[in-house]
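Dear colleague,

Please find below the structure that I am handing over to you, together with its sequence. My notes on it follow directly after.

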Amino acid sequence: MPETTRDPAPAVTRALRVLELLEQSGGAPLSLSDLARALGAAKSSTSNICAVLEDGGMIRRVEAGYRLGRRTAELGGAFAHEFNQIREFYGVVEADPVLRGEVVQVAMLDGEYSLYLARHEGRAHRLGTPLGSRLAAVTTGAGLAMLSRLDDTRVDEAIARTEAPDLPPAEQIRTQIAETRERGWSVDPGRGLSGIWGVAVPLEPWRPTDPPLALGVALPAAEADEQTIERLGRAALGVAAQLTNPFLRPAG
């Protein structure tokens, strides 16, 4: 008989799944019955898991069920600050005369997704992608910027794995990546978020083990003329240069 892989810690696996389900709900609360059904577990054991997660601040109870708790934000912030670029990001952007008045974000490539880790709010009205969001990389400026640093084989793998509505043809995505490599910044014409354009540049890793990161600027589609896009792209390149490991910068 074939060997079966036994879960060494099923309660931990279910707890992680609860967190994943709440993350995927987009902020909508999930009831105990919803969670138990998704886990394929009894409500009593699901309730015990939720009680432990609630005590640890990982989830919180609301009238309609459960939502993610503040502790998840704290852990996410601690993870983001592992990267030197993010620790320096806020001060460098605030000092830049062009980008200080814009919405600027840092994203990480997570498989075929852009995961948003840090955000500078330079506008009175909120734009762009909320922290912690995961969007298909091929549909975002930040994702295209990060993919531009990968070889063509890995780019094709990311395109093949992506499942998203209204996905552009693969050849169009490849053209966008080629243009990004040529000019230094990517342009997202509102595919990641309707009505919001993005301009982004890749960030150089400080350490060989760092994942691909990118710095992106969000702007309303009505402002996304060619001159503005180039101005933001060049400013983003300048900020990215300042976020490079100083020991790896060329002399001069």
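At 10% relative accessibility, Arg 119 counts as buried; the word buried stands for under 20% relative accessible area, exposed for over 50%, and partly exposed for anything in between (1.4 Å probe, protein chains only). The model is predicted, and local features need pLDDT of at least 70, side-chain atom pairs count only at pLDDT 80 or more, while totals for chains, interfaces and linings use all residues. Residues are numbered from 1 along each chain as its sequence is written, and side-chain values use heavy atoms, with hydrogens and water left out.

Arg 119 belongs to strand β4 (residues 113-121). Here helices (H or I, at least four residues) and strands (E, at least two) are DSSP runs, numbered from the N terminus. Contact means heavy atoms within 4.5 Å. Leaving aside neighbours within four places in sequence, Arg 119 has contacts that include Phe 89, Tyr 90, Val 103, Arg 126 and Leu 131. Leu 131 is twelve residues from Arg 119 in sequence, and their C-alpha atoms are 7.1 Å apart in space.

Seven of the nine residues of β4 are buried, so β4 is largely enclosed by the rest of the structure. Two strands pair if DSSP finds at least two bridges between them. Strand β3 (residues 103-110) pairs with β4 in the antiparallel sense over eight bridges, and Val 106 has Ala 118 in β4 as its bridge partner. The hairpin of β3 and β4 has two residues between the strands, and Gly 111 takes a positive phi near 65° there. Strand β5 (residues 134-136) also runs antiparallel to β4, joined by three bridges, with Ser 114 opposite Leu 135.

Which residues form the aromatic pair, and how are their rings arranged? Rings of Phe, Tyr and Trp (its six-membered ring) pair if their centres lie within 6.5 Å; planes under 30 degrees apart count as stacked, over 60 as edge-to-face and the rest as tilted. By this rule the count is one aromatic pair. The ring centres of Phe 89 and Tyr 90 are 4.9 Å apart and their planes are at 70°, so the pair is edge-to-face. Phe 89 is buried, at a relative accessible area of 0%, whereas Tyr 90 is partly exposed, at 35%.

Thr 46, Ile 49, Cys 50 and Leu 53 are the buried residues of α3. Seen down the axis of α3, these buried residues fall within an arc of 100°, so they line one face of the helix; the arc is that of the directions from the helix axis to the C-beta atoms. Their cover includes α1 (10-24), α2 (32-39), β1 (59-62) and β2 (65-68). On the other side of α3, Ser 44, Asn 48, Val 52 and Asp 55 are exposed. Gly 57, which follows α3, has a positive phi, near 80°.

Lastly, strand β7 (residues 196-203) has seven of its eight residues buried. It pairs with strand β8 (residues 213-220) in the antiparallel sense over eight bridges, and Trp 197 stands opposite Leu 219 in β8.

Yours sincerely
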